[in-house]
Amino acid sequence: MPNRDENKRAVLRYYDRTESRLGYLYLLRGTKHFGWYEAGDSGWRFSPAMRRMERQLGQRLGLEADSRVLDAGCGMGDVARTLAADFGLDITGIDILDFNLVEARRRSERAGLANRTRFIECDYHDLSRFEDGEFDGVYTMETFVHAADAERALAEFHRVLRPGGRLVMFEYSRTPNECLLPAARAAFDAVCELGAMPAWHRLNHGDLENLLESASFKVESVEDVTARMLPMLRLFAVLGRFPYALARRLGKTEKAVNAMSGVEMWKHQEAWRYNIYTATERT
Ligand SMILES: C[S@@+](CC[C@H](N)C(=O)[O-])C[C@H]1O[C@@H](n2cnc3c(N)ncnc32)[C@H](O)[C@@H]1O
């Protein structure tokens, strides 16, 4: 497990790579999460699928309009804006990457949502700038995989939630090493290492539920929704095939981390799941 400072540097390195910046910007317009696809949807229709995924999150939060919600790892704030616009929530987004926050503020101004969304530089392992019980809800959208200290982050989420508040996490889990063939294990290790995702590397199926219970949350549901995001992953695998092959040939895999992840995650679907965890703070 890296220490928190090393981990922060690794996360910054990953998102600051040319491949990450261009890939997220040009393919996903800066949003950094998978889409929710219904049967028959074209995998190319990224934006509607991503907005649908965000609304799935809003539905699971199930909070009244004006509820105060923490977005832990907000990126450019697209999830926050959907929840503010479609569910009337009041969102505080935090992230450790300054360039995400600058863009998040700009987009909220432009969308007329600056009064319902604010974006602050803050590490979700240390929420000391927030009061105990300050939020009615907390969520993570594909960010907890980066946690260097999962227990510490969950303890902070618990502290800043009001009694009875809701936590929703759209996160991955993994198949234990001993159940994977060597090729899948090696691919999974490389994806987690180069993508700065120590928590994903560590959290086997079932582990996050146990950590949540240990952190005094009551887990209400865990849904495996992998099938919903596979059309997008399939496209990433197709688009990533050539750059990944080229990078391997040149011995520069670290220059094509997203291409590698798309190809290898698609190929080794037995190694991971995409889940939605819904929990409440035990009172
Ligand atoms: C895959 S992106 C998801 C961004 C956003 N939730 C979205 O769906 O567009 C993960 C985000 O988590 C942020 N992140 C990683 N570790 C963090 C930490 N310790 N505290 C706050 N944000 C973090 C990264 O900077 C990145 O913006």
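In this predicted model, helix α7 meets helix α11 through Ala187, Ala190, Val191 and Leu194 on the α7 side and Val257, Met260, Ser261 and Glu264 on the α11 side. Sorted by class, this contact has six nonpolar residues, one polar residue and one charged residue. Two packed helices are described by the angle between their axes and the distance between the axes. For α7 (residues 182-194) and α11 (residues 257-267), the angle is about 145° and the axes lie 10 Å apart. The crossing of α7 with α11 is left-handed.

Helix α11 also has a contact with helix α10, which spans residues 226-249. Here the axes come within 6 Å and cross at roughly 120°, so α10 and α11 are oblique to each other. This crossing, too, is left-handed. On α10, the residues involved include Leu230, Leu233, Phe236, Tyr244 and Arg248, while α11 contributes Ala259, Met260, Gly262, Val263, Glu264, Met265 and Trp266. By class, 11 nonpolar, two polar and four charged residues make up the contact of α10 with α11.

What about the cysteines? The structure holds zero disulfides. For cysteine 122, the closest cysteine sulfur belongs to cysteine 74 and is 10 Å away, which is too far for a bond because a disulfide needs the two sulfur atoms within 2.5 Å. Cysteine 179 is likewise in no disulfide, and its nearest cysteine sulfur, in cysteine 192, is 16 Å away. Are these two residues buried or exposed? Cysteine 122 is buried, with a relative accessible area of 9%, whereas cysteine 179 counts as exposed at 55% relative accessibility.

Technical notes:
Residues are numbered from 1 along each chain as its sequence is written. This is a predicted model: local features need pLDDT of at least 70, side-chain atom pairs count only at pLDDT 80 or more; totals for chains, interfaces and linings use all residues. Side-chain values use heavy atoms; hydrogens and water are left out. Buried means under 20% relative accessible area, exposed over 50%, partly exposed in between (1.4 Å probe, protein chains only). Axes are lines fitted to C-alpha atoms, for helices over the stretch in contact, and angles run from 0 to 180 degrees between N-to-C directions. Helices (H or I, at least four residues) and strands (E, at least two) are DSSP runs, numbered from the N terminus. A crossing is left-handed if the near helix is turned anticlockwise from the far one by less than a right angle, and right-handed if clockwise. Contact means heavy atoms within 4.5 Å. Ala, Val, Leu, Ile, Met, Phe, Trp, Tyr, Cys and Pro count as nonpolar, Asp, Glu, Lys and Arg as charged, and the others, Gly among them, as polar. Angles under 35 degrees count as roughly parallel, over 145 as roughly antiparallel, 65 to 115 as roughly perpendicular and the rest as oblique.
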